[in-house]
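Let's look at how the chains of this assembly meet one another. Have the structure open as you read along.

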There are 4 protein chains.
Amino acid sequence: MIILNTGGTFNKIYDPIKGLLIVPKSNRAVEEIIKNINQNIAYKGLIYKDSLEFTDEDREKLVATIEKLDEKSIVVVHGTDTMDKSAAYVAQRVKDKCIIFTGSMIPYSIDKAEASSNLTLAIAKGLYAYEEGVFIAMHGIVAKHNRVYKDRQRGVFCLK
Amino acid sequence: MIILNTGGTFNKIYDPIKGLLIVPKSNRAVEEIIKNINQNIAYKGLIYKDSLEFTDEDREKLVATIEKLDEKSIVVVHGTDTMDKSAAYVAQRVKDKCIIFTGSMIPYSIDKAEASSNLTLAIAKGLYAYEEGVFIAMHGIVAKHNRVYKDRQRGVFCLK
Amino acid sequence: MIILNTGGTFNKIYDPIKGLLIVPKSNRAVEEIIKNINQNIAYKGLIYKDSLEFTDEDREKLVATIEKLDEKSIVVVHGTDTMDKSAAYVAQRVKDKCIIFTGSMIPYSIDKAEASSNLTLAIAKGLYAYEEGVFIAMHGIVAKHNRVYKDRQRGVFCLK
Amino acid sequence: MIILNTGGTFNKIYDPIKGLLIVPKSNRAVEEIIKNINQNIAYKGLIYKDSLEFTDEDREKLVATIEKLDEKSIVVVHGTDTMDKSAAYVAQRVKDKCIIFTGSMIPYSIDKAEASSNLTLAIAKGLYAYEEGVFIAMHGIVAKHNRVYKDRQRGVFCLK
């Protein structure tokens, strides 16, 4: 299994000089969470963007990265706003792997609970319920990417 | 699904008057973690002990509680030191449910990451990979209770 | 002594729906910090703004509030970007009290250390070193407002 | 100014293997708090004990360390249970310095607020209100050591 960390709220940290939350070019949140997982899990960072800024070039880069991987189970950490769009993009191009998108509404650096829960859920899908396809694992929901949506008013992922 | 919260390090909070970590008669850690799980999950507290103090009477009480439940998927939050012993005790008595023991090495009140990860892993087993039996879900490992042990020197749960 | 809480980074909390840090209409950060102070300290919230949005009308409101208070020792929690400007404004109008401005670079909700340290420093000035005038208490520095500046590159308050 | 860090609850961290809070041979809590203080403050660790285990030999070592220091302002981080006893011991032996004892009821590693507030209060006394003598700075109270006591039922330091 490998985790591809593309950024999003999951990774954001507070920059006191700018007075803003930023997506750092860092995998620290992923690294800290997988310390609690006694499995052999690799990770790799790329793109490092808020998902509102994701372009189709970024999605192309994500597909190209996935296609080169030997791993069949792949967790993608991604911003929540366009997670469904990137998942659909990947689903059209990659057919022979189990790819699970996850992320969080609250940065790991602000509250470790949600990000830890979501990433563990995604990892559990890849480790224990492998099947080919592209999935979203968020807030206790794990399903095919096109059956999950973000309820933007409540800030919760739900089944369609 | 229902969570039975029996105490353990998972729940401990610091008591500044005593200068010690205590197991409170409270389900707050469970409540906070399942706020991040968009599933219908009940919970109930009982026993509320450090697992080194668990007796066979406590285990009997746990079995009696499980037998009365309508739910077939049951997560048991338990201290890590005798989790295997309580799981074996329950396994001899309850055959027709999916019972998943979990807990954590670090209290949720001190570091939310591990407890959130472990509880989510246990919930995912019950929700997405139901099978009759008694399991332990800790540190990314999910397996039959008698195949998992606590490596006491490293503080990590492992597969036998 | 009374604390007037006008907002600023000190108070910011993460809003998961908006994906932004916001200034809540709440005094929770002040309330939590003064639980650790065994002194009779009142507090009152007003304005509740990021200090980049502070107008002279807000400053006028702050002066009017201060003038009506019986307390002679007043701590003002304020955003860091225009703290010096508001302090200068108040200093021209109020002469017979000890007014100490403070705030923080990092929200209390993200890291409790800096906000707790700065507010305690401001309180200590009012309680133990009362003198008429308007002061800034930040980062271990306590001095007349016009002798303190924010080094915007390093994010640290310094003596001129 | 120099901080002498002798241990106590202030410094405690959770040891997941032992399942206990321990006093580490480390000054990390002091180091993190003084990052928020823009003053030239040295620190040195010694003894590193829970104050219930402090002996007169430890107090003798503390006095000997203080007597060798060039600094006149000295903050001593100490456990809360025998802080008054150690302060009285030092007061009988050292007359020509400003020595301020502080600590906390809750470990910095569990909640950063109280430890940050107490240490800042002690530092403010040394920096801004220097006077010869031995003081206790806790919970917003700063006074001669023999005028301050720990209310053990409420867990709060108070003036006699």
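## Where the chains meet

Across the interface of chain A and chain C, the rule picks out two residue pairs in polar contact, both partners at pLDDT 80 or more; such a contact is a pair of N or O atoms within 3.5 Å, where within protein one must be able to donate a hydrogen and the other to accept it, and residues adjacent in sequence count only if both atoms are side-chain atoms. By class, the side of chain A that touches chain C has eight nonpolar, three polar and two charged residues (Ala, Val, Leu, Ile, Met, Phe, Trp, Tyr, Cys and Pro count as nonpolar, Asp, Glu, Lys and Arg as charged, and the others, Gly among them, as polar).

A quick word on the ground rules: this is a predicted model, in which local features need pLDDT of at least 70 and side-chain atom pairs count only at pLDDT 80 or more, while totals for chains, interfaces and linings use all residues. Residues are numbered from 1 along each chain as its sequence is written, chains are lettered from A and ligands numbered from 1 in the order in which they are written, and side-chain values use heavy atoms, with hydrogens and water left out.

Back to chains A and C: 13 residues from chain A and 13 residues from chain C take part in the contact, meaning heavy atoms within 4.5 Å. On the chain A side, Tyr14(A), Ile17(A) and Ile110(A) lose the most area to chain C, together 45% of what that side buries.

Here are the two interfaces by buried area, the accessible area (1.4 Å probe) that two parts lose on being put together, summed over both.

| Interface | Buried area | On carbon and sulfur atoms |
|---|---|---|
| Chain B and chain A | about 1900 Å² | 56% |
| Chain A and chain C | about 1100 Å² | 68% |

Now for chains B and A. Here 24 residues of chain B are in contact with 24 residues of chain A.

What about salt bridges, where a side-chain nitrogen of Lys or Arg sits within 4 Å of a carboxyl oxygen of Asp or Glu? The rule finds two across the interface of chain B and chain A, and zero across that of chain A and chain C. Lys112(A) and Asp111(B) meet through their side chains in a salt bridge (3.6 Å, N to O).

Some pairs don't touch. Chain B and chain C have no contact, with their closest C-alpha atoms 12 Å apart. Chain A and chain D don't touch either, and their nearest C-alpha atoms are 12 Å apart.
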